[in-house]
Amino acid sequence: MTSNSDFDWVAVRSTCTASQIFTQLQLGADRDVAARNSTLPANAGFAYTLQSSGSMFSVALNGNRIARMVTFELGAYSVSVRRGDTNETWEVTPTINDNGECRLRMGNRDYECWQFRKLVLESLLFDNPWR
């Protein structure tokens with residue numbers, strides 16, 4: 001917890017924006033895709049890609065007769081995520097925690113970027129792709 005009574009939380013919070021967390025999520029997802037692909041055997045029959053277009057990006061599983069996708073979309077005040085094959089949705093808004101760190105808020109819980117990526121991407125990256 002930040003103990004400095006002069007802590008300028010307004011200045012810190014003004015830099016913690018939907019655009020900033022969207023960029024962090026995209027950079028992290030790109031690293032996640034590269035890391036996951038590096039663990040696949042050469043004959044896996046599928047691979048993961050990140051496709052980006054302006055205020056949206058998608059992490060996709062592509063292979064012979066399989067295609068699944070998780071799409072991230074930047075809004076004015078939030079980032080929305082949708083998993084195409086299950087229609088699951090999530091929405092996070094930027095906030096700062098009691099330590100003055102930028103976090104992603106969903107409901108009454110704050111997430112670090114990696115925690116939120118794990119929440120929305122883990123089943124795409126690690127569940128049986130042939131199911």
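## Thr86 and the β4-β5 loop

Thr86 sits in the loop between β4 and β5; strands here are DSSP runs of E with at least two residues, helices are runs of H or I with at least four residues, and both are numbered from the N terminus. At 40% relative accessibility, Thr86 counts as partly exposed, a class that lies between buried (under 20% relative accessible area) and exposed (over 50%), with a 1.4 Å probe and protein chains only. Thr86 and Ala11 are 75 residues apart in sequence, and their C-alpha atoms are 39 Å apart in space.

Asn87 lies in this loop between β4 and β5 too. Its phi is positive, about 60°, although Asn87 is not a glycine. With a relative accessible area of 55%, Asn87 is exposed.

## How to read the values

This is a predicted model, in which local features need pLDDT of at least 70 and side-chain atom pairs count only at pLDDT 80 or more, while totals for chains, interfaces and linings use all residues. Residues are numbered from 1 along each chain as its sequence is written, and side-chain values use heavy atoms, with hydrogens and water left out.

## The chain as a whole

The protein chain has three helices and seven strands. Read from the N terminus on, the order of these elements is α-α-β-β-β-β-β-β-β-α. The C-alpha trace spans about 60 × 25 × 25 Å along its principal axes.

Of the 131 residues of the protein chain, 35% count as buried. Among contacts (heavy atoms within 4.5 Å) with a separation of 6 or more, residues 24 or more positions apart account for 47%.

## Where α2 meets α3

Helix α2 (residues 18-38) and helix α3 (residues 113-126) have axes that come within 10 Å and cross at roughly 40°. The axes are lines fitted to C-alpha atoms, for helices over the stretch in contact, and the angles run from 0 to 180 degrees between N-to-C directions. The two helices α2 and α3 are therefore oblique to each other; angles under 35 degrees count as roughly parallel, over 145 as roughly antiparallel, 65 to 115 as roughly perpendicular, and the rest as oblique.

On the α2 side, the contact is made by Ile21, Gln24, Leu25, Gly28, Ala29, Asp32 and Arg36, and on the α3 side by Cys113, Phe116, Arg117, Leu121, Leu125 and Phe126. Sorted by class, the contact of α2 with α3 has eight nonpolar, two polar and three charged residues. Here Ala, Val, Leu, Ile, Met, Phe, Trp, Tyr, Cys and Pro count as nonpolar, Asp, Glu, Lys and Arg as charged, and the others, Gly among them, as polar.

Val79 is found in strand β4, and with a relative accessible area of 0% it is buried. Not counting residues up to four places away in sequence, Val79 touches Ala18, Ile21, Phe22, Leu25, Glu73, Leu74, Trp90, Glu91 and Val92.

Ser78 belongs to the loop between β3 (66-74) and β4 (79-83). Ser78 counts as buried at 9% relative accessibility. Its side chain is joined to that of Glu91 by a polar contact of 2.6 Å; such a contact is a pair of N or O atoms within 3.5 Å, where within protein one must be able to donate a hydrogen and the other to accept it, and residues adjacent in sequence count only if both atoms are side-chain atoms. Leaving aside neighbours within four places in sequence, Ser78 is in contact with Ala18, Glu73, Glu91, Val92 and Thr93.

## Arg103, a buried arginine

Arg103 lies in strand β6 (residues 102-106) and, at 15% relative accessibility, counts as buried. Beyond its neighbours within four places in sequence, Arg103 is in contact with Cys16, Thr93, Pro94, Thr95, Asn97, Asp110, Tyr111 and Glu112.

Thr89 is part of strand β5 (residues 88-96) and is exposed, with a relative accessible area of 57%. Leaving aside neighbours within four places in sequence, Thr89 is in contact with Val81 and Arg82.

Arg65 lies in the loop between β2 (56-63) and β3. Arg65 is exposed, with a relative accessible area of 80%, and its phi is near 65°, a positive value in a residue other than glycine.
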